[in-house]
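The following paragraphs walk through a structure from single residues to the contact between chains. Please keep the sequence and the 3D view open while reading.

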Amino acid sequence: MAEVKDPDDRENELPDPLAIPDLAPGCMAMSKPYVAAPEMQKRLGFPGELVENWQDRAIEKMAELRGKYRSFRVFLDSCVKCGACTDKCHYFLGTGDPKNMPVARQDLLRQVYRRHFTLAGKYLPWLVGARDLTEQVLDDWYSYFHQCSQCRRCSVYCPYGIDTAEISMAGREIMDSIGKGQKYSNEIIGKVRTIGNNLGLPKKALKATLEDLEEEVLEETGVPVRFPLDEQGAEIMLVAPSADYFAEPHIAGLIGYAKVFHQAGTSWTISSHALEAANFGMFIGSYENMREIALRIRQAAQDLGVKRIVFGECGHAWRAAYSFLDTLAGPFDFLDQRYPIPQHICEFTYDLMQAGKLNFDKSKNDHVRLTFHDSCNIARGSRLGDKPGGQFDIPRAILKACCNHFYDMAPDTIKESTLCCGGGGGLLTDELIEIRKAGAQPRMRALQQVASDHGVTHMAAMCAICKAQFSKVLPMYGFDREAVVSVHQMVSNAIILNPGAQKLAGADAKD
Amino acid sequence: MLTVAFAALFYLATAVLVGGLAYRIWEYAKTPAPLKIPTTPAPTTHTGVAMRLAREVVLFESLFKANKWIWLFGWAFHAALLVVLLRHLRYFTQPVWEWVVLIQPFGVYAGFVMVAGLLGLWARRLLVPRIRYISAPSDHLMLALLVGIGVSGLLMKYVARTDIVATKSFFLGLLTFNWQKLPSDPILLVHLGLVAALMLVFPFSKLLHAPGLFFSPTRNQVDNSRERRHLSNWAREMQTDRS
């Protein structure tokens, strides 16, 4: 990749990641995901096709959401159109389509809300920009609520904390309720509810993969690191995104988790029943679906008799776990209360580092000059560790412990200001590649800057979607697709293994 | 006749403002927030949340992060409006409270700052294409209303002074139900009419951002989802399978 340059020598050839584009009205109106097939819809409890009286049903649903979610009501009432959010969405920065400005995206729903639920909108619609729910408006909803990755960047900057993610979730929930669902998300939710993971991986294939991994790691390191599946009585159940079992660079991260568990000397297991950390119920704003998926994790933990639940590297999955799991599927009074419920693999690794139980050979990562992409839902929708901001500090501490060369990207593109990868929130599907590429542009430009300034060659991420999305879009911006790495891939490279540290499931009980 | 009309108008406007806002606040308060959605990093204690909200209310912290121009105009307008409102307490108290007397000189300048802030915001609404795009007629009208109030107030102070003693006895009369005659000075009537209009639209417009901020779950929730179970009533009802 790029050679190291003195920042002062960098002629202004590199574009500003946050440069504000000119307005290009309607330029992304045609970007729409495929509509879910009728049987897919019905499986989740939604009408198969657009119902006859869809306008009325949508307004009824809106009334229901208004009574059930304070966020929905307060956010729709409070916006003053100050414009603070208008240049904060990565999809707006990448496309210039004004309906990708957070406030304008919200207004697609707010204008209908005002028409039906406010005095001014009922009697003076022209004055307050209220509109009826026409086919054209529904069309805009379908396009633009699927151009929001629910990354919450806008909510950081809004003076009232209005979170467009809440509005796009509500929009999708309303559309599902009238029979216009999104194929990608709803198909995946169906797979989780029937097979247990987003990819529809059967247990047999999973078992074979894990056995291969054990062999591979043994061959490479000479140490018998285990990848246990469905082992009763293990101390820890790992819940990782299913991509960790087959996709690159995800799988390298999984190997990292296994090595850390090995060093910890703690028994652990993967569950085939709850093989999936992701919870796409969140993307479509469906509490019911989110709850169904979360309950699988509770069920698996009870069936296996584990004492702790640890989540793998996944962004929105960690938000759903950290912020919602206890609400949706708690109380987890059957787990060991001395540990956070649930715990993140980075917290687990970091705690071991603090306890002096992990040793690293940093030189193993000397071929890498690293930066770190804060995944949006971890950064702005959750926490790691016991202090606010731990979600920024802990992964960086881990990476710096494993790698000699670490450089952050520009301050206004990381931590709470981090940019979404462009593929989150149910957008990681091929037919949306145009908006995905455009949405990745600010992050890619920030990466180009740090590559130019510090010769950065790799970017670590801790989210299955970020990793998949970057693998796809990095080449479109002149990088190698393998420039994205897992956080625990760096751990895996550098960790010094101690043969025989691992305990077998059930061994703890006999101690 | 004029006195009766304005007296009735102000009683009505006050009732709508107080009653309407109380109703909205009750609506917001009774609507559950079923999920923990604070925008993180968020405070882990209630004290921390109170501090976060205080910073938003007093300093407009998030807006400052977002855009320095909007912050400058918006904050200057709101801060000046506060001083102006406090200064106006002199027309409703007899004798005038001492601290109101003390802020009197600042109050007069604040009138100019208030109008300048509003004009700055309006200029952005007209000149920045992104903000022009998201503006509805009501957004311009709201600014016009506030500018009208500020300018008519300043006119009475610096250009065509009104009979302030008589005006004050009108408002004291309203408070004590001992009605006094309102001077028929046109600028005063415009000023008071616009203020009454603002009070009337408050509970039905985007001015609800004032109570809304305190009920915004991304700002007012404590980040403690792993320590304390958070469950709304309607979610509890779904949970028939467990305790």
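Predicted model: local features only at pLDDT ≥ 70, side-chain atom pairs only at ≥ 80, totals over all residues.

B:Phe177 sits in the loop between α8 (164–176) and α9 (186–201) of chain B; helices (H or I, at least four residues) and strands (E, at least two) are DSSP runs, numbered from the N terminus. Its phi is positive, about 55°, although it is not a glycine. Most residues other than glycine have a negative phi, and most peptide bonds are trans. A:Lys81 also has a positive phi, near 60°, but A:Lys81 is buried, with 22 other C-beta atoms within 10 Å. It belongs to the loop between α3 (70–78) and α4 (90–95) of chain A.

Next come the cis peptide bonds. One joins A:Glu248 and A:Pro249, with omega about 5°, and A:Pro249 lies in the loop between β1 (236–239) and α13 of chain A. Another runs from B:Thr40 to B:Pro41, with omega near 0°; B:Pro41 is in the loop between α1 (2–30) and α2 (46–59) of chain B.

Chain A has 22 helices and seven strands. In chain A, α13 (residues 250–264) passes α16 (residues 345–354) in a left-handed crossing, where the near helix is turned anticlockwise from the far one by less than a right angle. The residues that meet include A:Tyr257 and A:Val260 of α13(A), and A:Phe348 and A:Leu352 of α16(A); two residues are in contact if their C-beta atoms, placed from the backbone, lie within 7 Å.

Finally, the two chains touch each other. The contact takes 59 residues from chain A and 56 residues from chain B. On the side of chain B, α4 (68–87) and α7 (137–158) are among the helices that each supply at least two residues.

Methods. Residues numbered from 1 in each chain as written. Chains lettered and ligands numbered in written order. Buried ≥ 20, exposed ≤ 12 C-beta atoms within 10 Å, placed from the backbone.
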